[in-house]
Amino acid sequence: MVVHTWGFVQSRPGSPWVKVELRAEPGAVFRVSGLPYAAALSSFARIRSALQSMDVRWPGKALTLHVHPALRAGEINELDVPVALALLAIRKNVGPRSLSGLVSTGMLFLDEFSEWTRPARESLRHIMDTGSLQLHRAEGSAHWASDPWIVAAMNLCACGLHPERCACDPAEKRRHRRNISAPLLERFPIQLDMGGNDPSECPKAWEACKAWVQDARVPPGTWTEEAMQLANTMEKRAMMSKRVHHHLRTLAAGHAQWKDREHVLIDDVQAAFDVLWMNRSGWWGSP
Ligand SMILES: [Zn+2]
C-alpha cells in the first residue's frame, strides 16, 4: 500500500511544498530516501509516541518513507503532520476521503501565534474568509478546501512572564501586540485572556455544552430595546469595524441561546463584549 501526502518547509525561502510517500509492505525493514536516515527515525519516534497517546498502534510492516525534493536533517520536523497522516492512512484509521476531510476541517491550533512570520499569519485571512486554500509555487498551483476551526494562542508580551513579573517596558508591549494586525485579529470572533485561573464550575454539563456548540437552531433574532441600545453604544465607543460589529451581534444572540432565552438581553450583549477584548481600543493603546 502506498499513501501520498504533502507538506511545506516553512524555514526555506518561499516555503516550498514537499511530497511525502509512505509505502507499507510485509516485513519489518525501514527504508528512507530523500532525507537522512537518523532524521527519519527521530521523526517516526515523535509520531509513534503521539499516536500511542491516542491508542493508535504502529503498523507492523516494512515501511519506506520517500520525500521529494530532498530534505536536510532538521527539516523533517516540519513534516510531522503529513507523515503522521500517511501512517494513519496505512493503518486504515482514516481512508483517503476522510483523510482529506480530516485535514480540511477539524481544529487547527496555532501556538505562539505572534512569533510566526507576518506573511504566514496574514495568509490565514484569505482562508478564514473563503474556506479555501490556493497555493502558487514554482512547482505549480493547487486549490484545496480548508475550513477548520482556527484557534491561536499568544503571550501578551515578548517575555511571556506573568503580567506582575513582566520585564517588558510599555513600548515593547505595544510592539509585541502590533505583531498581530487589526484586520487579522478581528477575524477571531472570540478572544479570551487565559492568564488567570478561574476556579468556578461551568454551569452546564459537558454534553449540554457540546449540544450548544452543535445547535443548528436559529439564535434569537429579537432584541430588547435596552440590549439594542447597549450594543449601539459599544459599537460607537469602541469604533468597531463592520466585522467586529457583526461578531458582537452574533455572540450576543449565541449567548442568549446558551441561556435558553427567546430575546437578546443586556446580559447577553455584555457577555459578548467581554470576549471581544482584543478588539477594543485599549488593546492598541498603553498596556
Ligand atoms: Zn513582558
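Two residues are taken to be in contact if their C-beta atoms, placed from the backbone, lie within 7 Å. By this criterion, and leaving aside its neighbours within four places in sequence, Val-83 is in contact with Val-20, Ser-43, Ile-47 and Leu-65. The structure is a predicted model, in which local features need pLDDT of at least 70 and side-chain atom pairs count only at pLDDT 80 or more, while totals for chains, interfaces and linings use all residues. Residues are numbered from 1 along each chain as its sequence is written.

The protein is divided into domain 1 (2-103), domain 2 (105-185) and domain 3 (206-284), with bounds that come from an automatic or database domain assignment. Between the centres of domain 2 and domain 3, taken over C-alpha atoms, the separation is 24 Å. Along the principal axes, the C-alpha atoms of the protein fill a box of roughly 70 × 45 × 40 Å. The secondary structure comes to 12 helices and eight strands; here helices (H or I, at least four residues) and strands (E, at least two) are DSSP runs, numbered from the N terminus. Of the 287 residues, 19% count as buried. A residue is called buried if 20 or more other C-beta atoms lie within 10 Å of its own, exposed if 12 or fewer, and partly exposed in between, with C-beta atoms placed from the backbone. Among contacts with a separation of 6 or more, 70% are accounted for by residues 24 or more positions apart.

Four strands form an open sheet in the order β1-β2-β4-β3, with mixed pairing; two strands pair if DSSP finds at least two bridges between them. Its edge strands, each pairing on one side only, are β1 (2-8) and β3 (30-33). On average, neighbouring strands of the sheet are turned by 15° against each other, direction ignored. β3 and β4 pair in the parallel sense over four bridges, and Ser-33 stands opposite His-66 in β4. Helix α2 lies across β1, β2 and β4, running at about 160° to β1. For such angles, axes are lines fitted to C-alpha atoms, for helices over the stretch in contact, and values run from 0 to 180 degrees between N-to-C directions.

Helix α10 (residues 242-258) has 17 residues and reaches 24 Å from its first C-alpha to its last, close to the 24 Å expected at 1.5 Å a residue; the expected span is 1.5 Å times one less than the number of residues. Its buried residues include Val-244, His-247, Leu-248 and Leu-251, and what covers the buried residues of α10 includes α9 (225-237) and α11 (266-274). After α10 comes Asp-260, whose phi is positive, near 55°.

Finally, Arg-57 sits in the loop between α1 and β4. Arg-57 is exposed, because 10 other C-beta atoms lie within 10 Å.
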